[in-house]
Amino acid sequence: DDDDDDDDSDDYDSDELEDEDLTGILPTREKASSRARGRARAGAFDDEYSDDDEEDDGGDRVPAAEAQIRKIILKRETLEKWVTEPYFEQCAPKCMVRIGIERNRETGENKYVVAEIVDVAEGKHGNYVLGEYSYGHHPQNKEPPKKTGKWLILRYGDASTDRAFSIDKVSNAEVTAGEYVKWCKKMEESGRRMPQLRDVAAAEENIKFASSYRYTSEDVQKMILKKREGRDGLAPNLAMEKETIRRLIARAKAEGDDEAVETLTARLEVVMETLTKQLDKGGRQATMANINKRNNQLNDANLSRIASEQIARAASGAPDKSADDPFSRRKTKAATYYTINRDAEAAAAAAAA
């Protein structure tokens, strides 16, 4: 439940506060089809439109009803799904959230307000870990909670109240009637107009765009590069990348491309160094390497023992009893249908003679 969140948030004010070329495989980026989505990033309901805007009809300037405004209030679970998506920065602004701003020291209950998402900031306020309830993290999920550097720039009143909030401060519960009334009063005190029908339509179009988004080749390439940033640009399977680089080096040498050989060799050194560190550190790759090493040693020992036994038996003239062992390896020769048929015909011919 959101009311049990332990983390405090910033106050508003003292009053109411993996490398293939995928070009051509996936669709090209879909353009925003409306003027409303293009203006969504601006944030403030009354900053992008003026009363003499002749391009819009008068009907969409009607103030939106409470039920219509509630449709564009995003919950935390929605933002958690969007946070790593390529459309997050485009679709989140113009929507609204129920955000926790402080905790009542006497009752221990969180205080929530309705705020507008003005923008999404990344890399300016540091990274943070989404809560255990966030990002689909459940007790049975062994993966740790995800980290993100994306913050919501929220506005409660005029532009002077803009603050950065982490996504885990957003509520999953519905806005209460009292919170909605307080937000309406704050909008009036700040001299701002209430959202109009066109504002709600723009936000709803963003939500619809996010739900039907189609990934492009550019999106996939960016995801791959971002996943590699934490590994110095290396692929997840270093052993496979090592073999790939070796094949590329051999090809470059055959083609006489010295520059490519030099670049790939430097890359191979980085991969080998990373592999060595991982093996020294332990973990899954080190465990697998130790298992392979132990199995190779056992195979070598068994082969040496069997060879010694065969040599000793041949020297002593003792009969070979390996046939009595059902688990021993035996020398066999494959017999095809044609070989069997030929032998049968030869036997029949010999009998007839």
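This is a short tour of one protein model, stop by stop.

The model is predicted, so local features need pLDDT of at least 70 and side-chain atom pairs count only at pLDDT 80 or more, while totals for chains, interfaces and linings use all residues. Residues are numbered from 1 along each chain as its sequence is written, and side-chain values use heavy atoms, with hydrogens and water left out.

**Stop 1: the strands**

Start with strand β2, residues 96-103. Strands here are DSSP runs of E with at least two residues; helices are runs of H or I with at least four; both are numbered from the N terminus. Six of the eight residues of β2 are buried, so the rest of the structure largely encloses this strand. Buried means under 20% relative accessible area, exposed means over 50%, and partly exposed lies in between (1.4 Å probe, protein chains only).

Two strands pair if DSSP finds at least two bridges between them. Select L74 and look across: its bridge partner in β2 is V97.

Next, show strand β3, residues 110-122. β2 and β3 run antiparallel and are joined by seven bridges. Select I99; V113 in β3 stands opposite. Then go to the hairpin of β2 and β3, which has six residues between the strands. G108 there takes a positive phi near 80°.

**Stop 2: a charge over a ring**

Select R98 and Y112. R98 lies over the face of Y112, 3.9 Å from the ring centre. The rule asks for NZ of Lys or CZ of Arg within 6 Å of the ring centre and within 35 degrees of the ring normal.

**Stop 3: two cysteines**

How many disulfides are there? The count is zero, where a disulfide is a pair of cysteine sulfur atoms within 2.5 Å. Select C91. C91 is in no disulfide, and its nearest cysteine sulfur, that of C95, is 7.9 Å away. C91 is buried, with a relative accessible area of 0%. C95 is in no disulfide either. C95 also counts as buried, at 0% relative accessibility.

**Stop 4: aromatic pairs**

Rings of Phe, Tyr and Trp (its six-membered ring) pair if their centres lie within 6.5 Å; planes under 30 degrees apart are stacked, over 60 edge-to-face, and the rest tilted. The count by this rule is six aromatic pairs. Select Y87 and Y213: they form a tilted pair, 5.1 Å centre to centre, with 55° between the planes. Where do these two sit? Y87 is in the loop between α3 (76-82) and α4 (88-91), and Y213 is in the loop between α6 (197-211) and α7 (217-229). They are 126 residues apart, so the pair links distant parts of the chain. Y87 is buried at 7% relative accessibility, and Y213 is buried at 12%.

Move to Y180 and W183. Their ring centres are 5.7 Å apart and their planes are at 50°, so this pair is tilted. Both residues lie in helix α5 (residues 177-189), three residues apart, or about one helical turn. Both Y180 and W183 are buried.

Now select W82, Y87, F209, Y213 and Y215 together. Ring pairs link them into a cluster.

**Stop 5**

Helix α6 has 15 residues and reaches 21 Å from its first C-alpha to its last. That is close to the expected 21 Å, which is 1.5 Å times one less than the number of residues. Its buried residues include R198, D199, N206 and F209.

Finish at T216, in the loop between α6 and α7. T216 is buried, at 2% relative accessibility.
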